[in-house]
Amino acid sequence: MACFTRFAALLSFLALVPLCLSAKTMGGYLYPQFYDHSCPRVQEIVKSVVAKAVAREARTAASLLRLHFHDCFVKGCDASLLLDSTGSIVSEKMSNPNRNSARRFEVLDEIKSALEKECPHTVSCADILALAARDSTVLTGGPSWEVPLGRRDSRGASLSGSNNNIPAPNNTFQTILTKFKLQGLDIVDLVALSGSHTIGNSRCTSFRQRLYNQTGNGKPDFTLDQSYAAQLRGRCPRSGGDQNLFFLDFVSPVHFDNSYFKNLLAYKGLLNSDQILVTQNQASMELVKKYAENNELFFEQFAKSMVKMGNVSPLTGSRGEIRKNCRKINSH
C-alpha cells in the first residue's frame, strides 16, 4: 500500500514537472493560452484594431513595435510606459527617448476599450502591447510567433529608467550591448531586434551629428556613404528641421524584410546605433552578414528574440493589476 502511495505521489509529481519547466522557460509563468477561457477572442480583437490602424497609416506598425520595446526595457514588460503623469506618477512619455517620438497610444486605448466590452477587467495593457507588436510585424510582411501571455500591469512608472535603460542612437556599441545584457538579452538578440528598423522613421535630430560633426571635428561620419549623406542633408539641415522624418530603411520602408542589414553593409544605415553593428564589433558584423544573406534566418531569430524580450521581468500572479484604462492605475 505504502509502495502504491509512493508511486501515486511520484506520478503526480511527474505530472507537474513539465508545467514547472515550461513555466520557467516561458519566463515568469507566461503562456500563449492564458486567455483561452477568460477571453477567447482577445487575439482576434487586437489584430483587427491594429490592422485598421496600420491600413490608415503604415507608420503605425513601427510605432507600436517600438512601444513594446521601450516598455520592456524599463522595469520589464509591464505597460509602465502607457501611464500618463498624475500626482504621484511622472510619465515615461516625458523621457528623452519617448518625448515627441513615442506615439499611437490611442490605438492601444481603442484595443483596451474593445477588450473591456468583450471581457471586462481581464486582459492587461502589457499583454496588449506584446500582441500589438507581433501583429504589427506580421501585417508589414514579417514573421509570426506565438505570444506568451499573462503579464500584469505596473502601478508605477520610472522616468529615470526610461532615460537610462533604453539604447540611444549615439550610444557606443558597448553601451548598447550592456543595456541589452541588463535585460538578459545578448548580442544575437541585439542584432536581430535592431532589424526592426526595417520599418518606421527617425527624426533629423536623431542622426544630424553624423551629417555634420560626428566626432566634434566639424566633419561628417566617414562610415556613412557620402552620396546617401548628401541626400539626407537636403532635408536635415545643420539647424532647424529637428522633427523632419526619414525612413530607417530607404529601400523598403514599410515592408518588414532584411534590406536593413543589406543597407548596413553598404554603409547606408541611418542611425549611428545601426551602422556601428558593422563598424565597431566583429561578432555583430558577422551576424549582420548572415541576416543580409538569409531573410529566413533573420525572421526566425527575430521571432525568438521578440519572445525573449517579451519575457523580461513580467509581473505575474497577484503582482501588479489589470488596468481598466491603460493610461492610469486603478483607483482602489
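This is a predicted model: local features need pLDDT of at least 70, side-chain atom pairs count only at pLDDT 80 or more; totals for chains, interfaces and linings use all residues.
Which cysteine forms a disulfide with Cys72?

**View A. The disulfide of Cys72 and Cys77.** The partner of Cys72 is Cys77, and the two sulfur atoms lie 2.1 Å apart. The torsion about this S-S bond is about 120°, so the disulfide is right-handed. Cys72 and Cys77 are both buried.

**View B. The disulfide of Cys39 and Cys119.** A separation of 1.8 Å between sulfur atoms marks the bond of Cys39 with Cys119.

**View C. The disulfide of Cys204 and Cys236.** In this pair the sulfur atoms are 2.0 Å apart, and the link is right-handed, with 75° about the S-S bond. It joins distant parts of the chain, 32 residues apart. Cys204 is found in the loop between strand S1 (201-203) and helix H9 (208-212), and Cys236 in the loop between helix H10 (226-233) and strand S2 (245-247). The relative accessible area of Cys204 is 0%, so this residue is buried. Cys236 is also buried, with a relative accessible area of 0%.

**View D. The pairing pattern of the chain.** The count of disulfides comes to four. When the bonded cysteines are numbered in sequence order, they pair as 1-4, 2-3, 5-8, 6-7.

Key: Residues are numbered from 1 along each chain as its sequence is written. Side-chain values use heavy atoms; hydrogens and water are left out. A disulfide is a pair of cysteine sulfur atoms within 2.5 Å. Buried means under 20% relative accessible area, exposed over 50%, partly exposed in between (1.4 Å probe, protein chains only). Helices (H or I, at least four residues) and strands (E, at least two) are DSSP runs, numbered from the N terminus.
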